[in-house]
Amino acid sequence: MNLYRERSLIIFIIIVFCGTLISAQNLTPKIIGGFNVSTIDDFKHQVSLRDASHESSTFGSGHICGGSLINYDTVLTAAHCVHDGDRYLSPAYYMAVMGNLDLFVRDSNTVVRRVIKVIGHRKYDPDSFINDIALLKLNAPVPKDHPTAQPIRLSKTEARPGINCQSSGWGSIQYEENARAVRGLMAVNITINSKYDCNRRESHAGSVIRGQFCAGPFSGGKDTCQGDSGGPFACNGVLVGITSHGYECGLPNYPGIYMDVGYYRDWIAAANSAISSLSNLIVLIAILLILSIF
């Protein structure tokens, strides 16, 4: 009987120990090979794009992608974040949250906005991730004097190899089917690679085309992952890329692939103009309707 009790106690201790390890793993930083962001100063442009229907239960539970605030009422993200494989989804599905490093905290600095317009690239290909870029119009602008939410400048030139940059997000630590977001914002320092190196046979084998670039060590271990998609790739305070896709996460020979903001600068300007024109048209129609009543 005593032997039975001793074995039961040992099994109990093992279970508790393993449970502690599992809990610790759940709190592990999720961006691969990165670090915890301790101050928001350099990340005021960071956006959490969320499924609005999930936010009603637990604030932060609806996080699906990242994004970048590029003016006070517009977010730049990846097309695949707002596309179901056949079409772009309704803007009512999404909300944008910014101004805080903690995904689950809502305080005086937290900015919450509904998305009222989605403009995705018309030639986005969900199979190859070509043209993986989209703009989101918010229902109200972020205050220009907001202390923790501000737009980031866009790169005027295409990405240059050898530049040390930083990607950030709340994504997963490893590639898995049901990856979970981490609580605090993470960032990773990585370098832009040449197209030649990205497209070597043992790497992405020619799939990185103009408008895209790959970044990160070919030895692996530093990368963005699920949940980081659509988020910023910034170099010296300028938005150079959008986190797009990759072959799993952090594997040797397969650095992550990003959309080149400089390459798409004209598209971004045209899409932004289209959003502004639509807003002005809506206001004009509203004024005409009011005048017709009186």
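The model is predicted, so local features need pLDDT of at least 70 and side-chain atom pairs count only at pLDDT 80 or more, while totals for chains, interfaces and linings use all residues. Residues are numbered from 1 along each chain as its sequence is written, and side-chain values use heavy atoms, with hydrogens and water left out.

**Overall picture**

Let's start with the whole chain. The protein has 14 strands and four helices; these are DSSP runs numbered from the N terminus, with helices (H or I) of at least four residues and strands (E) of at least two. It has 294 residues, and 45% of them count as buried, where buried means under 20% relative accessible area, exposed over 50% and partly exposed in between, with a 1.4 Å probe and protein chains only. Take the contacts (heavy atoms within 4.5 Å) between residues at least 6 apart in sequence: 70% of them join residues at least 24 apart.

**The second largest pocket**

Next comes a pocket, meaning an open set of points on a 1 Å grid over the protein atoms alone, with protein on both sides within 12 Å along at least five of seven lines; its lining residues have an atom within 4 Å of a point. The second largest pocket holds about 300 Å³ of space, a volume being the space filled by probe spheres set on the points, which are joined across faces, edges and corners. It is lined by 19 residues, and Asp42, His45, Ile152, Ala234 and Gly237 are the closest to its centre. Strand E9 (164-169) and strand E12 (232-235) are the elements that give two or more residues to this lining, and E9 gives the most, with five.

**Aromatic pairs**

A search of the whole structure finds six aromatic pairs. Rings of Phe, Tyr and Trp (its six-membered ring) pair if their centres lie within 6.5 Å; planes under 30 degrees apart count as stacked, over 60 as edge-to-face and the rest as tilted. Two of the pairs are set out here.

| Pair | Centre to centre | Angle of planes | Class |
|---|---|---|---|
| Tyr247 and Tyr254 | 4.8 Å | 50° | tilted |
| Tyr263 and Tyr264 | 4.9 Å | 80° | edge-to-face |

How does the surroundings of these rings look? Tyr247 is partly exposed at 44% relative accessibility, and Tyr254 is partly exposed at 24%. In the other pair, Tyr263 is partly exposed at 34%, whereas Tyr264 is buried at 5%. Elsewhere, ring pairs link Phe213, Phe233 and Tyr258 into a cluster.

How values were computed: 1 Å grid on protein atoms, 1.4 Å probe; cavity = no way out; pocket = protein on both sides within 12 Å on 5 of 7 lines; lining within 4 Å.
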